[in-house]
Amino acid sequence: MCLFYMMEQRGRDARRWVSCVLAGLLWSLTSAQLRYSISEEVKEGTVVGNIAKDLGLDKSTLKERKYRIVSSVAQPLFHLGETDGILYVSRNIDREEVCERSSACLIHLKTVLENPLEVHYVAVEVLDINDHSPSFPEETKTLEMPESVLPGMRIPLKAARDPDSGLFSVQQYKLSSNDHFRLEMKDKGDDEKMPILIVQKSLDREAAGSHSLVLTAVDGGTPPKTGELNILIHVLDVNDNAPVFSKDVYSVTLDENAPVGTTVVKVNATDLDEGPNGDVIYSFGNGVSHRLLKLFDVNHSSGAITVKGIIDYEEKAQYEIEILASDKASLPLSTEKSVIIKIVDINDNAPEIEVTSFSSSIPEDSRPGTTVALISVNDLDSGLNGKVICSIGEDVPFVLSPSLQDKMYSLVTKSHLDREKMSKYDILVVARDTGQPALSSEKTISVFISDVNDNSPEFSSSPYTFYVTEGNHAGASVFSVRASDRDENENGAISYHIVRDGREGSKLSSFLSINTENGQISALKSFDFETLKSFQFQVVATDGGSPPLSSNVTVKVFILDQNDNAPVILYPVSSNGSAEGVEEIPRNMKAGDLVTKVRAYDADIGYNGWLLFSLQQVTAHSLFTLDRYTGQIRTLRSFTETDEAEHGLLILVKDNGNVSLSATATVTVKLVEPKEAFAASDVKRAAAKVEEEDHNVTFYLIITLGSVSLLFVISIIVLIAMQCSKSTEYTSKYLQDANYDGTLCHSIQYRSGDKRYMLVGPRMSIGSTIVPGSHANTLVLPDRRHTSSGEVRQLYFVYFV
């Protein structure tokens, strides 16, 4: 701009030049605007200026940053080179079409760079060329003048029109040489000059009945162009008084958009003559343009000026109309008066909103203050009616930041974004002017929030608890874990793996395999409850983000018992390992005396380890009885002399599994005389001593078993409370079984998935003892149904080690 200014002011002193440089630098810092000039009618593709060079932009980044002109015109006059940043002419520019009769034709362009946002304003001045000649509305003008006209009478003529502006418009008029008339020019502003014909010397009709003149309009081109009007003046004899207006100046105001027919002002003129020579009629003067004739009308009789068309303040704020008052004489005299009409602006234009968006979406981790879009508002009204206030809703994490450029705003983030809470914002921009009443307009900006990896996978449960029945098939899926990630696409894609860190607690994880995609866990071996009761390991879920995020969960696995162990006979056992034994008893034993006891255990638990004894074969059914719960063999009656001396008993021991497993023991009972029985009493006392020692050990085992059982019950209660608070899909539910026969045991039922399981345990009481060799899972309880203190019954209790 400074260079342009210097070109027009060439030749001035150095002080003015320095002032120009300083002013230019200050202007460039504040407005960042370039100014170029170009002549009209140049060829398409003509270079206007190198914007990138003048702004110091890096040409290699112009295409990447989408350097462009922001324009709503379908066929713009200019375009920018994508790679070189040069401004070119897009089509033929006719200054008279673009700027009509404006003295200065400036075209303002708004150029935008993205990432980061830069806005530069460019003004292109279209210079006029002398491509039009002046022309008059008509080729010949005929005037009639009475011979009594006095020297100095002024006769306005219609001005010549030249579409060019400035120096190339009409600059002067020339009148052909004559003795009676001379020419003056009236400057009406807007480069418009109106010729006025002035009577210089009195007319004499007898000397000359008519005068022929040539009026020439000359523009300021080099060489100048001209237009001619032929004026024919007829000299008449009569009327010697012209109408006189009542006011020297007519100046009124008119609201824009005034209804058609509204009276603007009423002019009044009088004529001193009498009759037709004194009757006044009104009309528009010769200098009134066709545009004014479409907007206003004048009553020929009353002189009232009324509205004929749409009055728009934004088109023109003031009109000057020449009203001609003429009498009705055969040779009428007329007087012209200017009426100035000032248009009052009303708020009839709503603000206009223009949005330039720089990205289809912004990442959710964008910092506060990130620019999303550029918003410009405009109102064609003036004053308070044209002052615009722009706003958005307060319930969005965005704010409008005013720009240095008037009526420009930047839409920026005011807080952190979270795509998982809101992935799209429809921001309503409201522009409201300050007129009365206020007008407003709205526009919606859609801002999409793109995902970043800011959420770790979350497991559906923590920890996981699963129950697996022993004897499962190796390689089959046993359970699964599930994690979800609130992120999307790759950031939400989850893969699973089992932690294998070599620690003691995670060694069993080597026998597990997990599907990395769906979390299905398969066991590579079959579990054995008698070897392993429970174990735990950790699963890690990792998303596909960069960098990836992960979380881990502990998986607790409890092995459920199945009836896969047959009862084992502990007594009697012969020297060769078979379940056979010989018992010698005296013949004088009474009914109900204890003969011997068959002892057995089962490695299973619950019903699977609950043993029942039955007598399969006996030589004399009337002599012996077998307690089905304790395995005690007692006499039914006293022996007689006729009873055989030796009896064989075959005892069956079976568990209570769905498919029972069993074992048999053979006991041979020999009846001997009391003396022989006493001889063997020493041996039995020794055995009793050993048995007493065993009872001591049993006592400590009972204490241990009771402690473990108490911990187990507490664990079950806690586990029930935890599982009841979780969803039924992966949580086992425990229910206390109400069915109890009053003698044996109680049961706990639970579910895992679609399967239903039941744990069975005894109702322990004081005096319970552990059968030696039972691996601490078989209890001996006193039988409340018999009075004999030596009779016991065998029950089973489930517990975890």
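Analyst: Asp 643 counts as buried, because its relative accessibility is 12% and the cut-off for buried is under 20%. Please note that this is a predicted model.

User: Where is Asp 643 found in terms of strands?

Analyst: Asp 643 is in the loop between strand S47 (632-635) and strand S48 (646-654).

User: And which backbone atom does its side chain reach?

Analyst: The side chain of Asp 643 reaches the backbone nitrogen of Thr 640, at 2.8 Å.

User: Which residues does Asp 643 touch, leaving out those up to four places away in sequence?

Analyst: With those left out, Asp 643 touches Arg 587, Leu 623, Arg 637, Ser 638 and Leu 671.

User: Let us turn to the rings. How many aromatic pairs are there?

Analyst: The count comes to 13 aromatic pairs. One of them is formed by Phe 398 and Tyr 425, an edge-to-face pair with 5.5 Å centre to centre and 80 degrees between the planes.

User: Which strands does that pair link?

Analyst: Phe 398 is in strand S28 (residues 398-402) and Tyr 425 is in strand S30 (residues 424-433). The two residues are 27 residues apart, and the pair links distant parts of the chain.

User: Are Phe 398 and Tyr 425 buried or exposed?

Analyst: Both Phe 398 and Tyr 425 are buried.

User: Why is the pair of Tyr 467 and Phe 558 stacked?

Analyst: The ring planes of Tyr 467 and Phe 558 are at 20 degrees, with the centres 5.4 Å apart, so the pair is stacked. This pair also links distant parts of the chain: Tyr 467 belongs to strand S33 (residues 464-469) and Phe 558 to strand S40 (residues 550-560), 91 residues apart.

User: What about the accessibility of Tyr 467 and Phe 558?

Analyst: Tyr 467 has a relative accessible area of 10% and is therefore buried. Phe 558, at 22% relative accessibility, counts as partly exposed.

User: Which residues do ring pairs link into a cluster?

Analyst: The cluster consists of Phe 459, Tyr 464, Phe 466, Phe 479, Phe 527, Phe 535 and Phe 537, linked by ring pairs.

User: And which lysines lie over rings?

Analyst: Lys 525 lies over the face of Phe 511, 4.4 Å from the ring centre. Lys 533 has its charged end over the ring of Phe 529, at 4.6 Å from the centre.

User: Changing topic: in what order do the strands of the open sheet with S2 run?

Analyst: That open sheet has 3 strands in the order S2-S5-S4, with antiparallel pairing. Strand S2 (47-50) and strand S4 (78-80) each have a single partner strand, so they stand at the edges, and one side of each is without a neighbour in the sheet. On average, neighbouring strands here are turned by 20 degrees against each other, direction ignored.

User: How many bridges are there between S4 and S5?

Analyst: S4 pairs with strand S5 (residues 86-89) over 3 bridges, in the antiparallel sense. His 79 has Tyr 88 in S5 as its bridge partner.

User: Last one: what joins the side chains of Arg 35 and Glu 125?

Analyst: The side chains of Arg 35 and Glu 125 are joined by a polar contact of 3.2 Å. The two residues are 90 residues apart in sequence, and 7.5 Å apart in space from C-alpha to C-alpha. Arg 35 lies in strand S1 (residues 33-39) and is partly exposed, with a relative accessible area of 22%.

Conventions:
Residues are numbered from 1 along each chain as its sequence is written. This is a predicted model: local features need pLDDT of at least 70, side-chain atom pairs count only at pLDDT 80 or more; totals for chains, interfaces and linings use all residues. Side-chain values use heavy atoms; hydrogens and water are left out. Helices (H or I, at least four residues) and strands (E, at least two) are DSSP runs, numbered from the N terminus. Buried means under 20% relative accessible area, exposed over 50%, partly exposed in between (1.4 Å probe, protein chains only). A polar contact is a pair of N or O atoms within 3.5 Å; within protein, one must be able to donate a hydrogen and the other to accept it, and residues adjacent in sequence count only if both atoms are side-chain atoms. Contact means heavy atoms within 4.5 Å. Rings of Phe, Tyr and Trp (its six-membered ring) pair if their centres lie within 6.5 Å; planes under 30 degrees apart count as stacked, over 60 as edge-to-face and the rest as tilted. A charge sits over a ring if NZ of Lys or CZ of Arg is within 6 Å of the ring centre and within 35 degrees of the ring normal. Two strands pair if DSSP finds at least two bridges between them. Axes are lines fitted to C-alpha atoms, for helices over the stretch in contact, and angles run from 0 to 180 degrees between N-to-C directions.
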